[in-house]
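Please report on the pockets, the nonpolar cores and a few individual residues of this structure. Keep it brief.

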Amino acid sequence: MAEGRKSKPRSRPTRPIGLSIEASPTKPNPPPEPHPDGWFIPAPLSNRLHQKSALGIPIDGGIVLAEEEVMFCHWHRHVPLEEGWVDDRINEDENFPYKSVAFDVVRSAGEKVVPRDGKWLRWSRESHPNKGSPEAEVRWARAKENFVIDDLLNWAKSLSSSGMKGEIAIVDDEMDVTMYRLALIEPEGNLTPATQDKHPLLGIEHLSRRFMRQDELDWINGVDNPVTDLFGELNSRGLLMRPGFKYGCRWRVYSTPVEEDHAPWLLQMEEESPSNWEGVCLSVRLAEGVNKGWIIAIKRSEWNFLLINRHLPGR
């Protein structure tokens, strides 16, 4: 039997309920109280939570926390919970534990993630909501949730127009979180676009002759379908497409001749893309394992290219 790696597996946090005595305050903090807009924490504790960590929305006499912020404060700021508080939240929303874990992770590097109007907005650890605009909007989802392309495309377009980054935390069934960053890109290459009459880079040389793939032949012969439409779009951008079979995608996309450099992207068409985030995780991990970006090509009157890559909070 193979011995495997010698290093030990990383320890996985269990996030227990109950306060640790380590670094606990001399005077116990008050538990959050119900408020029409969330959960109320009074001054002076509220001042420290908001000014240092951008937690809560200031109101007269204190701050109001979202329920995921309450959990963060319980785990990291010695804020106690009334008995049965967590049970009540789970009874109201079975996804409450997963949302709380996602929020804990996206704040783990000291970055300031703030719930606002149903969104999570992120400021860097050096900044604060009182000092400037957020640099990212953060979403969360469970691993088996559907991968809804139109929703993500519209979100990416909205963020691009506002100059913000899009990040999403995916929580699996072990309460582990994997972060991704989404962005619309315009892939461009340095190659002279092929024409139907002149296409020296298409096909492969073998057995003293040139073998053409079916998608190349269809494009050369003017066949009209989604594949040839996308092929023509990428070709016009100075890119070269080669089969992506070994990488579980439609094409490897080169910006230079094949013999000069590796393909920077693996591309999947929308129709062939994963149906849930588990499939996305597999595709992105494979792509990044060979130092490539994973792109979905989406046609909505024009071609859009959605790049999804892994993201580590704080980096």
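The report below takes pockets first, then cores, then single residues.

The model is predicted: local features need pLDDT of at least 70, side-chain atom pairs count only at pLDDT 80 or more, and totals for chains, interfaces and linings use all residues. Residues are numbered from 1 along each chain as its sequence is written, and side-chain values use heavy atoms, with hydrogens and water left out.

**Pockets**

Rolling a probe the size of a water molecule over the atoms shows where empty space is left. The search uses a 1 Å grid over the protein atoms alone; a pocket is an open set of points where a 1.4 Å probe fits, with protein on both sides within 12 Å along at least five of seven lines, and lining residues have an atom within 4 Å of a point. Points are joined across faces, edges and corners, and a volume is the space filled by probe spheres set on them. In the lining counts, Ala, Val, Leu, Ile, Met, Phe, Trp, Tyr, Cys and Pro are nonpolar, Asp, Glu, Lys and Arg are charged, and the others, Gly among them, are polar.

| Pocket | Volume | Lining by type |
|---|---|---|
| Largest pocket | About 400 Å³ | 9 nonpolar, 3 polar, 10 charged |
| Second largest pocket | About 240 Å³ | 4 nonpolar, 5 polar, 3 charged |

The largest pocket has 22 lining residues, and the closest to its centre are Ala66, Pro115, Arg116, Asp117 and Gly118. Strands 3, 4, 5, 6 and 7 and helix 2 each supply at least two residues of this lining. Strand 7 gives the largest share, 4 residues. Helices (H or I, at least four residues) and strands (E, at least two) are DSSP runs, numbered from the N terminus.

The second largest pocket is lined by 12 residues. Nearest its centre are Gly18, Ser20, His74, Trp75 and His76.

**Nonpolar cores**

In soluble globular proteins, nonpolar side chains tend to be buried together. A nonpolar core is a set of buried Ala, Val, Leu, Ile, Met, Phe, Trp, Tyr and Cys residues joined through side-chain atoms within 4.5 Å. Buried means under 20% relative accessible area, exposed over 50%, and partly exposed in between (1.4 Å probe, protein chains only).

The largest core has 29 residues; Phe147, Tyr180, Leu182, Trp277, Trp294 and Ile308 have the most contacts inside it. Among the elements that give it two or more residues are strand 6, strand 9 and helix 8. Helix 5 gives the most, 6 residues. Apart from this core lies another of 26 residues, among them Ile41, Leu45, Trp85 and Val113.

**Helix 2 and Phe72**

Helix 2 is largely enclosed by the rest of the structure, because 8 of its 10 residues are buried. Phe72 lies in this helix. Its relative accessible area is 5%, so Phe72 counts as buried. Leaving out residues up to four places away in sequence, Phe72 touches Leu55, Arg77, Phe103, Asp104 and Arg107; contact means heavy atoms within 4.5 Å. Just after helix 2, His78 takes a positive phi of about 55 degrees.

**Arg15**

Is Arg15 buried or exposed? Arg15 is buried, at 17% relative accessibility. Arg15 sits in the segment before strand 1. The Arg15 side chain makes a polar contact with the Asp104 side chain at 2.7 Å. A polar contact is a pair of N or O atoms within 3.5 Å; within protein, one must be able to donate a hydrogen and the other to accept it, and residues adjacent in sequence count only if both atoms are side-chain atoms.
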